[in-house]
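Biologist: I would like to learn how to read the features of a model like this one. Could we take them one at a time?

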Protein chains: 2
Amino acid sequence: MDLNILLFQDFETLDVFGPVEIFGLLKEEFNLKFYSANGGIIISNQGVKVLTEEWTYIDESGILMIPGGQGTRKLVEDVDYIHHLKDLAEKSKYCLTVCTGSGLLAKTGILKEKEATSNKIAFDWAKSMDTEVKWIKKARWVVDGKFYTSSGVSAGMDMALGFIADRLGKDRAVEIAVHIEYIWNSNKEYDIFAKDE
Amino acid sequence: MDLNILLFQDFETLDVFGPVEIFGLLKEEFNLKFYSANGGIIISNQGVKVLTEEWTYIDESGILMIPGGQGTRKLVEDVDYIHHLKDLAEKSKYCLTVCTGSGLLAKTGILKEKEATSNKIAFDWAKSMDTEVKWIKKARWVVDGKFYTSSGVSAGMDMALGFIADRLGKDRAVEIAVHIEYIWNSNKEYDIFAKDE
């Protein structure tokens with residue numbers, strides 16, 4: 001199945017490449033593709049220059065992955081972008097967001113009445129994108145139907161492993177975590193970065 | 001200070017972009033630059049296409065970072081590459097390796113009599129690059145003078161935070177870890193992936 005990764009200027013590096021490391025090890029199951037609105041080189045917040053294809057070429061039946069980062073702040077103001085993103089998210093089999101990517105997706109209205117999370121630092125911003133989303137602050141990641149949303153940056157890796165556990169079994173996820181010597185926070189409700197409020 | 005990141009075909013994605021996420025947040029302290037032997041687009045083992053400059057343009061006085069990945073297996077056979085890598089590593093102020101990047105650096109001979117580590121799966125391969133290195137299997141990362149070497153893939157992030165702690169203080173490293181919601185394995189000797197032998 002295609003994993004369609006949506007990049008934009010000033011995306012957060014690890015939001016993308018944490019999950020990419022994990023899904024990219026399952027070459028028989030996932031076909032990783034990098035897209036952006038106009039294609040070409042996209043530069044992350046940390047200065048990584050990544051080559052992408054235009055998003056018109058996406059096979060929409062795959063998995064859509066939306067990272068966060070400073071770039072989301074501008075995109076939520078772009079009506080055409082949000083309109084096309086909504087269409088992509090609706091048609092995708094699964095839709096995964098990392099960090100403030102949850103806010104970007106929420107802006108499309110597609111998360112209304114659904115449970116979702118985002119990172120701690122920009123949680124209020126994400127919430128303000130759609131107050132009818134059932135925002136959950138204390139969660140490493142949240143699953144609601146086809147939507148997987150994660151907390152800040154590194155939580156995207158835990159969610160990616162959680163997604164793999166749900167599709168291919170937990171043993172497979174653990175195997176990958178050990179392979180990349182990653183200490184997997186496998187309980188999605190366990191979140192040391194959420195303060196009790 | 002420049003952080004010169006050395007890419008090559010089939011590098012391991014997270015070996016690079018884990019540390020890049022962390023160093024890239026300290027824009028006043030580190031200037032991230034991506035190089036390869038010939039410049040141009042380099043493709044990671046997980047299919048990420050990254051734009052690089054030719055390594056002849058490196059300001060050698062900076063920090064050199066060498067990732068691992070399948071691509072290392074070919075490079076250790078390339079005499080000219082190893083020769084130039086040795087020169088770069090000698091001139092660099094600090095030299096950081098992740099995963100099998102330690103084996104690649106060891107091949108230059110520069111780690112002789114120094115303590116170093118590498119990932120678990122390819123540990124014997126790394127060792128075989130230079131048996132006179134004091135290889136340490138149970139370590140998240142190892143510091144010997146200007147050389148920082150880490151275990152597999154994800155351990156590169158712990159090492160990056162460790163490097164920052166050594167240079168800028170532990171508070172600064174913790175601040176970054178919290179910012180990216182990363183559970184930092186801050187004790188470099190604590191390594192759950194090493195089995196007692």
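**Rings, helices and copies**

Modeller: This is a predicted model.

Biologist: How is B:Phe163 classed, buried or exposed?

Modeller: B:Phe163 counts as buried, because its relative accessibility is also 0%.

Biologist: What describes a pair of aromatic rings?

Modeller: The distance of the centres and the angle of the planes. The structure holds 17 aromatic pairs over all chains. In one of them, B:Phe23 and B:Phe163 are edge-to-face, with 5.9 Å centre to centre and 70° between the planes. The pair links distant parts of the chain, 140 residues apart: B:Phe23 belongs to helix H1 of chain B and B:Phe163 to helix H6 of chain B.

Biologist: What sits over the ring of B:Phe163?

Modeller: The charged end of B:Arg167, 4.8 Å from the ring centre. In chain A, A:Arg73 lies over the face of A:Trp125, at 4.4 Å from the ring centre.

Biologist: At what angle do helices H6 and H7 of chain A pack?

Modeller: At about 145°, with their axes 6 Å apart. The residues of this contact divide into seven nonpolar, no polar and two charged. Among those that meet are A:Leu161 and A:Ile164 in H6(A), and A:Ala173 and A:Ile176 in H7(A).

Biologist: Which rotation superposes chain B on chain A?

Modeller: A rotation of 180° with 0.0 Å of shift along its axis, at an RMSD of 0.0 Å. The two copies are therefore related as by a two-fold rotation axis. The same surface serves both copies, since 100% of the contact residues of chain B recur in chain A.

Definitions and conventions
Residues are numbered from 1 along each chain as its sequence is written. Chains are lettered from A and ligands numbered from 1 in the order in which they are written. This is a predicted model: local features need pLDDT of at least 70, side-chain atom pairs count only at pLDDT 80 or more; totals for chains, interfaces and linings use all residues. Side-chain values use heavy atoms; hydrogens and water are left out. Copies are superposed by least squares on the C-alpha atoms of residues with pLDDT of at least 70 in both. Contact means heavy atoms within 4.5 Å. Axes are lines fitted to C-alpha atoms, for helices over the stretch in contact, and angles run from 0 to 180 degrees between N-to-C directions. Helices (H or I, at least four residues) and strands (E, at least two) are DSSP runs, numbered from the N terminus. Ala, Val, Leu, Ile, Met, Phe, Trp, Tyr, Cys and Pro count as nonpolar, Asp, Glu, Lys and Arg as charged, and the others, Gly among them, as polar. Rings of Phe, Tyr and Trp (its six-membered ring) pair if their centres lie within 6.5 Å; planes under 30 degrees apart count as stacked, over 60 as edge-to-face and the rest as tilted. Buried means under 20% relative accessible area, exposed over 50%, partly exposed in between (1.4 Å probe, protein chains only). A charge sits over a ring if NZ of Lys or CZ of Arg is within 6 Å of the ring centre and within 35 degrees of the ring normal.
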